[in-house]
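Me: I have a structure open and would like to go through it. Can you take my questions one at a time?

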Amino acid sequence: MDIIITDLKARQVLSSRGEPTVEVELTLNKQYKGRAIVPSGASKGKFEAEELKDQDMSLYKGKSVYKVVKGINDEISPFIVGGKYSSLYKLDNKLISLDGTKNKKKYGGNGILGISIAYLKALSELYHLSCFQYIGGINFNHFPLPMMNVINGGAHSNNSLDIQEFMIVPIGAKSIDDAIRYCVEVYYALKEILNERGLSTGVGDEGGFAPNLKNEEEALDLLSEAINNAGYILGVDFKFSLDIASSEWKTKDGYYLPKKKKVMTSKELMDYYLKIVDKYPILSLEDPFDQEDYSSWNSFLLHTKGSVLLVGDDLYTTNVERLKMGIENKLSDAILIKPNQIGTISETLNCINLAKDANMKIIVSHRSGESEDDFISDLAYGVKADYVKFGAPCRSERTTKYNRLLKIEEIIKEQKQ
Ligand code: 2PG
Ligand code: MG
């Protein structure tokens, strides 16, 4: 059977921060439909694919994406509608060559990714498969463990915390259902503690609480208490993960922590992390150093020797070339995967495969600006990711991803019977 793109349409919609983003609808063989909404980051890496915005300050403070929408509807659509596209790689390669720039500057990573995901969803429909199954078949006995970001800081809230994400990881959970329940119960317990102490229970961009605290250790102490109050054992049922997002702090003189108004050197940061890792059960540290501070990444990896996972997010930007450089120079042992950093799903899959070949742990991640699109849950299951990072169990753009994981677990169970 020929697989033909029979319709392609884009429009501007809103992300969870109320910012314009791109929605794409694609139809195969006149009946199989896929729809995708592209997410958007706040703490973006320097090497990410271009997120094209109109820059017209009279509209949405320059953030509208009408040009991207027009590019898809007026230029890409006439070119590919009516064409035979039998695989994702074929379509993505065509889109990459149509764009023709290194960072997808012409049509925007935010435009091209929408087409890539919508196509993959439509293709799964055509094959009568769930998207995760189309990507990787059914993997019994595997589920990605959530890293739930329950306290927000850094660029994701206006509180006193310089570290961006304080995540709880339910290492003792035996299923996704269990994992989500463990985290949600701790989230409730944390809210109670914050309430009792008169601390804010307002949430940040990823649904985690965003109280003003003395320092980051106080956040970890609150989480330890919440885990205990919910009846779990820290170190056995749960570990912590932190996204430092330190590229946000980098200046030419070192690292400037904007909320503490303090400058630190790489060496001071490393000592600080070692102190934290000594005091709390830490599973992983994401972007502990700037995306170009390679020597610090390498010495930290040699020092920690796998005792704590070092996760490259801004460091790699889901880019195979960046990852190759990281593997050669021994920079980290885990990678954060965000499709909109690179702009197509084929390139995202290539990056995941390379990371797996290098024995790195895979974390599939949302962006701080998200939508009701739950594709990344299917991606995570399909590629057998070790972890997922989808924010707190709060705000529908986050819970929709967890809810999809629950549904996928149900589909897998049914297949088992
Ligand atoms: C991160 C992400 C997602 P943003 O740094 O890992 O949590 O944040 O989307 O703002 O880059
Ligand atoms: Mg990050």
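Reply: What follows covers the chain as a whole and then one residue.

Me: What kind of model is this?
Reply: This is a predicted model, where local features need pLDDT of at least 70, side-chain atom pairs count only at pLDDT 80 or more, and totals for chains, interfaces and linings use all residues. Residues are numbered from 1 along each chain as its sequence is written.

Me: How many helices and strands does the chain have?
Reply: There are 13 helices and 15 strands in the chain, counted as DSSP runs (helices H or I, at least four residues; strands E, at least two).

Me: How much of the chain is buried?
Reply: Of its 417 residues, 60% count as buried, that is, under 20% relative accessible area with a 1.4 Å probe, protein chains only.

Me: And what size of box do the C-alpha atoms fill?
Reply: Roughly 60 × 55 × 45 Å, along the principal axes.

Me: Switching to S246. Where is the place of S246?
Reply: S246 sits in the loop between β7 (239-243) and β8 (250-251).

Me: Is S246 buried or exposed?
Reply: S246 is buried, because its relative accessibility is 0%.

Me: Which residues does S246 touch?
Reply: Leaving out residues up to four places away in sequence, S246 touches Y255, Y273, D287, P288, F289 and D290. Contact here means heavy atoms within 4.5 Å.

Me: How far apart are S246 and V68?
Reply: S246 and V68 are 178 residues apart in sequence, and their C-alpha atoms are 30 Å apart in space.

Conventions:
Chains are lettered from A and ligands numbered from 1 in the order in which they are written. Side-chain values use heavy atoms; hydrogens and water are left out. Buried means under 20% relative accessible area, exposed over 50%, partly exposed in between (1.4 Å probe, protein chains only).
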